[in-house]
Amino acid sequence: MESINFLGFNLYAWITIATVLTLFSVLLFTKIRADITFLGAIGVLYVTGVLDAKEAFSGFSSTSVIVIGVLFVVVAGLTHTGVLQWIVKHLLGQPRSYSKAVVRLMLPVAALSSFLSNTTVVALFVGIVKMWSKRLGISPSKLLIPLSYASGMGGVCTLIGTPPNLIISGLYTDHTGQTMNVLATALPGMFCLLVGVLSVIVLRRLLPERQAPETAFERASDFTVELMVPADNPYIGNTMKEAGLTEVQGGSLIEQIHFDGEVSSPVNGDDVLMGGDRLVFAGQIDELLGLRKSHHFVIADHPVFSTSELDRSRKLRTAFVTFGSSLAGTTLGESGFERSNNMTLVAVARSGQRINESPRNVVLQPGDTLLLECPPRMEMNTDNMNAQLHFFDSDQIPYTGRGTLVSSLIMLAMVVVSALGVMPLLQCAFLAAFAMLITRCCNVEQAIKSINWDILMVFAGSVVLGLAIQKTGIAERMAFGILDVCGTNPLVVMTAICFVGTFITEFISNTAAGAMFFPIMYEAAEKLGYEPFPFLIALMISVSSSFATPIGSPTHMLVYGPGGYRFSDFMRIGLPMNLIILVANVFIVNVVYPLTTL
């Protein structure tokens with residue numbers, strides 16, 4: 001099969017190309033889980049003979065993947081001891097201008113993201129930044145995109161700050177036998193971060209002035225609320241006028257949906273109230289929800305036959321529909337999500353505006369903000385819940401105390417010992433994870449729950465795909481192709497590959513982009529006769545520089561809904577940011593790590 005050749009590629013190479021293109025398409029256009037998609041790709045490469053068994057499953061034994069898994073436990077210790085909360089409390093302050101607010105926000109977030117999961121950092125900061133922006137009189141949309149950008153740029157400042165750095169450094173060690181220092185990207189990363197902060201300040205007019213979605217639940221006439229009439233309601237048989245529903249305080253009745261599905265809109269004062277009716281109101285949420293007490297109505301996702309069925313201790317919480325959620329494209333009325341999670345939809349907002357129809361009949365879109373009536377205490381961190389909704393608030397706020405200091409010292413010791421070369425990063429990570437457990441910064445159950453096996457599957461799959469691209473000669477052919485187009489100038493070649501890497505990572509996982517572009521960059525550097533190290537440092541920064549689409553990074557997805565953003569908002573400021581950071585990246589890498597010949 002290897003003898004078959006078409007356009008310079010053998011059959012195994014074409015199978016790999018088809019697998020990679022199919023992988024991209026599935027990730028972009030379907031809701032199939034990323035870990036399942038990568039596992040399927042590994043299976044195809046193994047079954048077709050592109051890779052043997054050892055190669056196909058080498059990702060699961062990759063040092064970089066193991067480091068990522070162990071670091072989940074270290075981060076759990078920091079999270080459960082309240083390190084993030086302590087830093088937020090003491091660093092944000094009360095700046096007097098937008099420029100100072102951006103600096104006070106982006107630098108601490110970047111510093112945290114250098115050592116912790118940037119998704120964890122942004123998830124914590126979203127709610128805090130929204131409250132902070134209100135106190136400063138700044139629209140949250142002016143600060144949430146900078147929040148997400150800072151987490152990405154901070155992550156590249158250390159090898160442990162973002163998975164692509166670990167994957168690329170691990171592959172570099174496999175190829176050369178040399179280990180990268182954990183702070184190898186520190187100086188280039190910090191320079192790009194400072195350029196990024198200044199760019200956000202200069203380009204702030206490109207940041208949208210969007211209305212925060214939850215404000216749609218604070219203003220009159222900007223949301224809808226659906227209430228149901230229980231079978232034992234005392235107003236049954238009365239007309240709307242007799243029941244006092246034609247003129248309700250704080251809003252108006254806009255639709256009556258009978259038990260048999262018949263809809264009355266607009267509602268006439270002579271229409272009769274019947275058991276099982278659903279009444280859709282528009283107006284002031286606090287006052288309209290008062291009808292539950294004054295008129296014995298209930299909020300329910302199923303027919304309620306007695307007012308005693310309603311749990312009066314339940315409370316309202318806001319959440320947004322995540323990208324990739326199975327709720328997108330459906331209505332909650334047909335999904336069964338409310339019943340299975342013991343919560344009820346009260347209202348829906350989109351881009352800060354109410355949806356002028358029954359909330360449970362709204363076809364949901366990613367980024368829609370939902371107002372939900374929930375139990376007073378509920379588990380928000382289940383895998384199913386996280387995959388569907390992201391809540392703005394959290395009941396689980398860690399207590400800061402002795403453990404906060406202990407966990408911080410453990411993390412600091414891990415970084416210092418690794419940076420000084422006393423022992424490899426993997427050993428340091430294992431010792432740090434063990435220390436987190438024995439000092440009770442987190443318990444065994446919390447440590448196990450913190451390991452995201454889905455993400456590890458994606459990382460392992462990315463390593464395997466990179467191996468296939470190199471083994472089948474695709475990387476070498478692409479490297480020669482780039483050299484044919486760009487010539488033999490190393491700066492031009494480095495810039496070209498980084499540019500393509502930055503573009504690709506706007507649409508796929510930056511981990512996958514790093515693993516796939518590693519062999520191409522490595523081969524190109526060797527073909528030019530230069531040491532690959534500086535080229536790979538530039539690649540690390542470029543595949544984590546995704547600013548132009550909300551799907552380019554999980555952190556962008558976290559701020560998309562709360563910021564009330566549109567897809568184009570990211571492109572407007574993100575495209576200039578991509579180009580600015582690309583230039584800064586190539587410049588600083590060549591200053592810090594001058595090119596040397598082999």
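Me: Which residue caps the N-terminal end of helix H21?
Reply: In this predicted model, a side-chain oxygen lies 2.9 Å from the backbone nitrogen of Leu491, at the N-terminal end of H21.

Me: What span does helix H21 reach from its first C-alpha to its last?
Reply: Helix H21 covers residues 490-504, which gives 15 residues. At 1.5 Å a residue, the expected value is 21 Å, and the model comes close to it. The span reached is 21 Å.

Me: Within what arc do the buried residues of H21 fall, seen down the axis?
Reply: The buried residues of H21 are Pro490, Val493, Met494, Ile497, Cys498, Gly501 and Thr502. Seen down the helix axis, they line one face, because their directions fall within an arc of 165°.

Me: Which helices are included in what covers the buried residues of H21?
Reply: The buried residues of H21 include Met494 and Cys498, and both of these are touched by Ala538, a residue of helix H23. Helix H23 is accordingly one of the covering elements. The cover includes helix H20 (474-486), H22, H23 (533-543) and helix H25 (567-592).

Me: Is Ala538 buried or exposed?
Reply: Ala538 is found in helix H23. Leaving out residues up to four places away in sequence, Ala538 touches Met494, Cys498, Asn585 and Val589. Its relative accessible area is 0%, so Ala538 is buried.

Me: What distance separates the C-alpha atoms of Ala538 and Phe587?
Reply: Along the chain, Ala538 and Phe587 are 49 residues apart.

Me: Which two residues touch the most other members of the largest nonpolar core?
Reply: This core holds 140 residues. Its largest share, 12 residues, comes from helix H22 (residues 510-528). The two residues that touch the most other members are Leu147 and Tyr149.

Me: Which residues does Leu147 touch, not counting residues up to four places away in sequence?
Reply: Leu147 belongs to the largest nonpolar core. With residues up to four places away in sequence set aside, it touches Leu105, Val109, Val122, Phe125, Val126, Val129 and Val559.

Me: With which side chain does the side chain of His556 make a polar contact?
Reply: His556 lies in helix H24 (residues 554-560) and counts as buried at 1% relative accessibility. Beyond four places in sequence, His556 touches Ser148, Tyr149, Ser546, Phe547, Thr549, Pro550 and Phe570. The polar contact, at 2.5 Å, is with the side chain of Ser148.

Me: Which residues are in contact with Gly466, leaving aside its neighbours within four places in sequence?
Reply: Gly466 lies in helix H19 (residues 453-471) and counts as buried at 6% relative accessibility. Gly466 and Ala512 are 46 residues apart in sequence, yet 8.2 Å apart in space, C-alpha to C-alpha. The residues in contact with Gly466 are Ala515, Met516 and Pro519.

Me: Which residues are exposed on the other side of H17?
Reply: In H17, Leu425, Cys428, Ala429, Ala432, Ala433, Ala435 and Met436 are buried. These buried residues line one face of the helix, because they fall within an arc of 160° when seen down its axis. The cover over them includes helix H4 (63-80), helix H9 (163-176) and helix H16 (402-419). Exposed on the other side of H17 are Phe434 and Ile438.

Me: Where is His296 found?
Reply: His296 is partly exposed, with a relative accessible area of 32%. Its phi is near 60°, a positive value in a residue other than glycine. The residue is found in the loop between helix H12 (291-294) and strand E7 (315-321).

Me: How many disulfides are counted?
Reply: Cys441 counts as buried at 4% relative accessibility. The closest cysteine sulfur to its own is that of Cys442, 7.0 Å away, which is too far for a bond. For the model, the disulfide count comes to 0.

How values were computed
Residues numbered from 1 in each chain as written. Predicted model: local features only at pLDDT ≥ 70, side-chain atom pairs only at ≥ 80, totals over all residues. Heavy atoms only, no water. Core = buried A, V, L, I, M, F, W, Y, C linked by side-chain atoms within 4.5 Å. Buried < 20%, exposed > 50% of the residue type's maximum accessible area, 1.4 Å probe, protein only. Helix = DSSP H or I, 4+ residues; strand = E, 2+ residues; numbered from the N terminus. Contact = heavy atoms within 4.5 Å. Expected span 1.5 Å × (residues − 1). Arc of directions from axis to C-beta. Polar contact = N/O pair within 3.5 Å; in protein donor to acceptor, adjacent residues only side chain to side chain. Disulfide = S-S within 2.5 Å.
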